Amino acid sequence: MTREKYSLLDRLIIPDYDTPGGVSSGNLKFDTAKCKECGICISICPGGCLLTDRATKAGLLSGAVKGGRYGVPRVDKARKGATLCIACYDCGAACPHGAISIETHFDPKRFYKRLTQTADMTYPVKY
Ligand code: SF4
Ligand code: SF4
């Protein structure tokens, strides 16, 4: 396996997902005319990053939020303007009404762009 070379500067500025400019999250568009506010997309999102004013993934899965008509979902930007949305489109596949489209794809920057994976992956080296 060929290892990426990282400079000292790279090592000092390795971003996390909250680092502004480290990652551009996915953004989705919800067609309010098509959305029936069923909450399926909120329940299915692996990142838990969809919500409405009435419903979150945790609330729907636990049964704490009931009654249907949960509102049109939006992508939560609670984390310093970033989200956990990786534009996987699970929500769009699950939506029975075709109400979701992807506006902006997940876009890793700098360090994340250079991460490599190979068929002979090994466990991370311990430092
Ligand atoms: S695209 Fe994936 S990560 Fe983003 S909101 Fe939909 S299910 Fe969640
Ligand atoms: S699954 Fe589709 S119809 Fe249901 S809340 Fe989500 S976008 Fe609206």
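Analyst: Among the contacts in the chain with a separation of 6 or more, 66% are between residues 24 or more positions apart (contact means heavy atoms within 4.5 Å). This is a predicted model, in which local features need pLDDT of at least 70 and side-chain atom pairs count only at pLDDT 80 or more, while totals for chains, interfaces and linings use all residues. Residues are numbered from 1 along each chain as its sequence is written, chains are lettered from A and ligands numbered from 1 in the order in which they are written, and side-chain values use heavy atoms, with hydrogens and water left out.

Of its 127 residues, 30% count as buried; here buried means under 20% relative accessible area, exposed over 50%, and partly exposed in between (1.4 Å probe, protein chains only).

Now to ligand 1. Its surroundings are Leu28, Cys45, Pro46, Cys49, Leu50, Cys85, Ile86, Ala87, Cys88, Tyr89, Asp90 and Cys91, where near means that a heavy atom of the residue lies within 4 Å. This shell has 11 nonpolar residues, no polar ones and 1 charged one. In this scheme Ala, Val, Leu, Ile, Met, Phe, Trp, Tyr, Cys and Pro are nonpolar, Asp, Glu, Lys and Arg are charged, and the others, Gly among them, are polar.

Take some of these residues in turn. Cys45 counts as buried because its relative accessibility is 8%. Ala87 is in the loop between β4 (74-75) and α4 (90-94), and its phi is near 55°, a positive value in a residue other than glycine. Ala87 counts as buried, since its relative accessibility is 14%.

Gly48 is in the loop between α2 (40-44) and β3 (50-51). The C-alpha atoms of Gly48 and Cys85 are 8.4 Å apart, although 37 residues separate them along the chain. Gly48 is partly exposed because its relative accessibility is 36%. Glu103 belongs to strand β5 (residues 100-104), and 9.1 Å separates its C-alpha atom from that of Ala87, 16 residues away along the chain. Glu103 counts as exposed because its relative accessible area is 54%. Apart from neighbours within four places in sequence, Glu103 is in contact with Asn27, Leu28 and Lys29. Leu28 is also one of the residues around ligand 1.

Ligand 2 has 14 residues around it, of which Cys35, Lys36, Cys38, Cys41 and Cys95 come nearest. They divide into 10 nonpolar, 2 polar and 2 charged. Cys35 counts as buried because its relative accessibility is 15%. Glu37 is in the loop between β2 (27-30) and α2. Glu37 is not a glycine, yet has a positive phi of about 60°. Glu37 counts as buried, since its relative accessibility is 18%.

Methods:
Helices (H or I, at least four residues) and strands (E, at least two) are DSSP runs, numbered from the N terminus.
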